[in-house]
Amino acid sequence: GDGDGEGGDAGAAMARGSGGAMAALEDLEGGAYLPLLDPSEMLNEPMNDKAMISPKEFFFQFYHQSHESLHALVYKVRHEGWAFFKEESFPNKVMIVVEIPFTLARTLTIPAVDSEMYFKPFFVASWIGLPFWVLFNGVGVGGLSDPGWLCMAAAASIFLGTVALTFAPSGQPPMIKLGTKFPFGLAAICLMSFVLAALWINFIATELVCVVAFVGSITGIDDSILGITVIAWGNSVGDFSSNLAMAKRGLGNVSMTASFAGPVFNILIGLGFGFLFYFAAHDVTEARVKLTSVTFLALACIVLNALVMLGSGVCNGGRIPRGAGYVAIATYACYVATAVVLTATEYQLPFLKN
């Protein structure tokens, strides 16, 4: 009797949980909310308010946490006033002020089409500054001092600024659907913004390498050691913060996929274009490469971590346990320590010697 009663209560609770989950998922179909839980996982209890977030808040928080910009600052000022700045910690206040010149420069060269962050004055200003940024990257600093190039950039700037000011909507980014449901204009602008953002990444990466080389020459630290540590960390901190933010939101599969998709893109696309540019610059058709001890160590650590993740998933029914995270962190710590020692001592693994 008692057992049946407990079983009945448990069954009723499960039914309520399933019913609550189904009701929440029905709301999702209407676009009212985005889940903070992995939709592929079974829901054994009803979704509460803490597990749901509106799309507007989700995209703003993700954008604000991963890419602090003038658009995010203006959005906050327009909706919260300057109270948000008073609530920030002192280090955050300093970072916001220090970043303003850089975010302003990016805002004036990259059209932003995020629906929540769209602000027409910034959108028009980006089209005005865009030709000069392309000129700087295409011709170099010398192009900015050449009257002919400057006149062409100025003419393009006036033309694009006038078109954007005249035809760009005030409340949303330009869609230009051409009689279909697909926003061709938005897609084209997004693609162009991606290329312009890549130019910024290239510019910052080039300057970072110069700064690191300068620091290495002053301190006497080998450039390879700085590359293994400082440059590698600086190059990955953006992806790290974005993936961590998604993981904290409960989007485990998205975070896991992004963690592997980023390095795959860097290795395949980065090396692919890198070799093509190298061949074009040196007018050769092949290049001699060498597998160093540090490179082999990195490859071994990546394979080891992949096997640990795969084994953990298989042995735990498709779920990654907490211990796998500790193993990954420990593997990286061992890699950095060993790589620094190998680089400092110039030791070459015996089986890699020619």
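Helix α6 passes helix α8 in a right-handed crossing, a crossing being right-handed if the near helix is turned clockwise from the far one by less than a right angle and left-handed if anticlockwise. The model is predicted, so local features need pLDDT of at least 70 and side-chain atom pairs count only at pLDDT 80 or more, while totals for chains, interfaces and linings use all residues. Residues are numbered from 1 along each chain as its sequence is written, and side-chain values use heavy atoms, with hydrogens and water left out.

α6 covers residues 120-139 and α8 residues 147-167; helices are DSSP runs (H or I, at least four residues), numbered from the N terminus. Their axes come within 9 Å and cross at roughly 155°, where axes are lines fitted to C-alpha atoms over the stretch in contact and angles run from 0 to 180 degrees between N-to-C directions. That makes α6 roughly antiparallel to α8, a term for angles over 145 degrees. On the α6 side the contact (heavy atoms within 4.5 Å) is made by residues including Phe123, Trp127, Ile128 and Phe132; on the α8 side Trp149, Leu150, Ala153 and Leu160 are among them. The contact residues divide into 16 nonpolar, two polar and one charged. Here Ala, Val, Leu, Ile, Met, Phe, Trp, Tyr, Cys and Pro count as nonpolar, Asp, Glu, Lys and Arg as charged, and the others, Gly among them, as polar.

The whole structure holds 13 aromatic pairs, in which ring centres of Phe, Tyr or Trp (its six-membered ring) lie within 6.5 Å. Phenylalanine 136 and phenylalanine 203 have ring centres 5.7 Å apart and planes at 75°, so this pair is edge-to-face, the term for planes over 60 degrees apart. Phenylalanine 136 lies in α6 and phenylalanine 203 in helix α9 (residues 184-219), so the pair ties together parts that are 67 residues apart in sequence. Phenylalanine 136, at 22% relative accessibility, counts as partly exposed, and so does phenylalanine 203 at 27%; the class lies between buried (under 20% relative accessible area) and exposed (over 50%), with a 1.4 Å probe and protein chains only. Trp133, Phe136, Trp200 and Phe203 form one aromatic cluster.

Isoleucine 228 lies in helix α10 (residues 223-248). At 10% relative accessibility, isoleucine 228 counts as buried. Apart from neighbours within four places in sequence, isoleucine 228 is in contact with Val294, Tyr332, Tyr335, Ala339 and Thr343. The C-alpha atoms of isoleucine 228 and alanine 339 are separated by 7.6 Å, although the two residues are 111 residues apart along the chain.

Key. Helix = DSSP H or I, 4+ residues; strand = E, 2+ residues; numbered from the N terminus. Parallel < 35°, antiparallel > 145°, perpendicular 65-115°, else oblique. Phe/Tyr/Trp six-rings, centres within 6.5 Å; stacked < 30°, edge-to-face > 60°.
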